[in-house]
Amino acid sequence: MEEILSKLYEMTALSGFSYQVAIMWVIAFVLLYLGIKKGYEPLLLVPIAFGVLLANFPGGGMGIVPAEYIDLEGGRYKNLFEIAHDYGIMNYLYYSLIKTGFLPPIIFMGVGALTDFGPMLRNLKLAFFGAAAQIGIFSVLLVAVLLGFTLEEAASLGIIGGADGPTAIYTTIKLAPHLLGPIAIAAYSYMALVPVIIPLVANLLITKKEFKINMREMDKKYPAKHNIKNLKTVKIIFPIVLGVVTAVFVPSSVPLLGMLLFGNLIKEIGTSTARLADAATGPIMNTATIFLGLTVGATMTAEVFLSPKTLGIVVGGFIAFAVSIAGGIVAVKIYNLFAKKKINPLIGATGLSAVPMASRVANELALKHDSNNHILQYCMASNISGVIGSAVAAGVLISFLS
Amino acid sequence: MQPFNEALSIMAVGMITVFLILFLIVLIGNLIIRFSNKFSPEIVAEVKSKKTQSTSENTFAAISAAIDIVTKGKAKVTNIKKI
């Protein structure tokens, strides 16, 4: 009888249960609560949280195994059938879809098909602030190296400051795949917290007078030299030319930017490619999001996640985010010192990706100080350029360190 | 100190590259706008002249906006007739 009970006990998950597993369950439940009840990036946080839960059922065999497990002698790897046979379907999905770097560019294609470059093309000058806001990525890279992270880990940590989930995941896959879980969680959590972080940094750095800078009045005072007569043609030519130029200068950013621009092109062409754009933004992107979320969550096994480095990632990610926002604001302030046509510094704060939430938050802040000051379309200009900026920054990090 | 120095150089190269690419975007964008303004200005005059015959500007704008939202920009109103 005792033997049967012991065998029963061995068969259940109870035999492999430990306090580390319990902590991971609590983390998964908290993430599920944030995604379902609080609405924090639910499309990603819910699959990630459930992936965490699946990976931490002892005996379930859904946790992602370290890359060393699939290494063979002579620089070769196990094939996908062997991985599925030895470590289960979640590892099969992870090593075929994530480790190969397949899903983030696919998601970027959908993002491109959802992106409208119109606001940026109407206010091209504002694109520079999307560059300034990438400073957080590189500042945290420096600090993280001083704190003992390797260069590759520090770069993956810094890229959280780009505020772009697929970019952060893609960079981490290439540079520090063992940190993928915590970095993805930190990136998406802080993106969900944009409505809290932007006001926090903006109130610290922007004066009341600056909050009230009215962009439309500035446009009336100092009108643009060239108005766009045929926006549709410009929108179609733009992704093609931009794709060629970035491919020449930063080839390592092509997987992300190339797919983003392709997605954008099929959207802008119109009716004749509308079916492709619908597929990219609908079924393809949704399927990719499910598998990305579940597999990234499944990398967070107790052994990997419960380490001091995770705490460093959580803190470092926040600093990267805040410094990026501050970098954009300071760049606008410096510009305003020399320019007649002043720019509202909130537009600099949206230089990090997080489209369109960052713009919406900045617009609400501006409206709080002046109910007639609608700056959404201007914010979108630097916001969209931030997507390109963070992908370029990721390309630089990958080409230097991989 | 070597990793820190390397991180510093990555920072310098990274920020310069990001600014360079976005500078190129501004430049390319302006060139494309000038090019399209010159060689492909929008042809809307004919459409506008037709619409005002039987429908007011406001009604036309409202119907156009509704069609734009429902069809996600795939369809365009060129003429409205009362039957």
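**Figure 1. Charges across chain A.** Chain A carries 28 positive and 21 negative side chains, and the centres of these two sets sit 20 Å apart. Here Lys and Arg count as positive, Asp and Glu as negative, while His and the chain ends are not counted. Each charge is placed at NZ of Lys, CZ of Arg, CG of Asp or CD of Glu. A quick word on what you're looking at: this is a predicted model, where local features need pLDDT of at least 70 and side-chain atom pairs count only at pLDDT 80 or more, though totals for chains, interfaces and linings use all residues. Residues are numbered from 1 along each chain as its sequence is written, chains are lettered from A and ligands numbered from 1 in the order in which they are written, and side-chain values use heavy atoms, with hydrogens and water left out.

**Figure 2. The whole of chain A.** You'll find 23 helices and 2 strands in chain A; these are DSSP runs numbered from the N terminus, with helices being H or I of at least four residues and strands being E of at least two. Along the principal axes, the C-alpha atoms fill a box of roughly 90 × 45 × 40 Å. Of the 402 residues, 55% count as buried (buried is under 20% relative accessible area, exposed is over 50%, partly exposed is in between, using a 1.4 Å probe and protein chains only). Among contacts with a separation of 6 or more, 78% come from residues 24 or more positions apart, where contact means heavy atoms within 4.5 Å.

**Figure 3. An edge-to-face pair of rings.** Over all chains, the count comes to 10 aromatic pairs. Rings of Phe, Tyr and Trp (its six-membered ring) pair if their centres lie within 6.5 Å; planes under 30 degrees apart are stacked, over 60 edge-to-face, and the rest tilted. One of the pairs is F117(A) with F238(A), edge-to-face at 5.3 Å centre to centre and 70 degrees between the planes. This pair ties together distant parts of the chain, 121 residues apart: F117(A) is in the loop between α6 (103–114) and α7 (118–122), and F238(A) is in helix α16 (residues 231–249). F117(A) is buried at 2% relative accessible area, and F238(A) is buried at 0%.

**Figure 4. A ring cluster.** F17(A), W25(A) and F57(A) come together as one aromatic cluster.

**Figure 5. A cis peptide bond.** Look at the step from V355(A) to P356(A): this peptide bond is cis, with omega near -5 degrees. P356(A) belongs to the loop between α21 (346–349) and α22 (357–369).

**Figure 6. Positive phi without glycine.** E41(A) isn't a glycine, yet its phi is positive, at about 40 degrees. E41(A) sits in the loop between α2 (19–36) and α3 (42–55), and counts as partly exposed at 25% relative accessibility. A163(A) isn't a glycine either, and has a positive phi of about 55 degrees. Its loop runs between α10 (151–158) and α11 (165–175), and A163(A) is buried, with a relative accessible area of 2%.

**Figure 7. T273(A) in its loop.** T273(A) lies in the loop between α17 (254–269) and α18 (274–298). At 14% relative accessibility, T273(A) counts as buried. From T273(A) to I398(A) is 125 residues in sequence and 33 Å in space, C-alpha to C-alpha.
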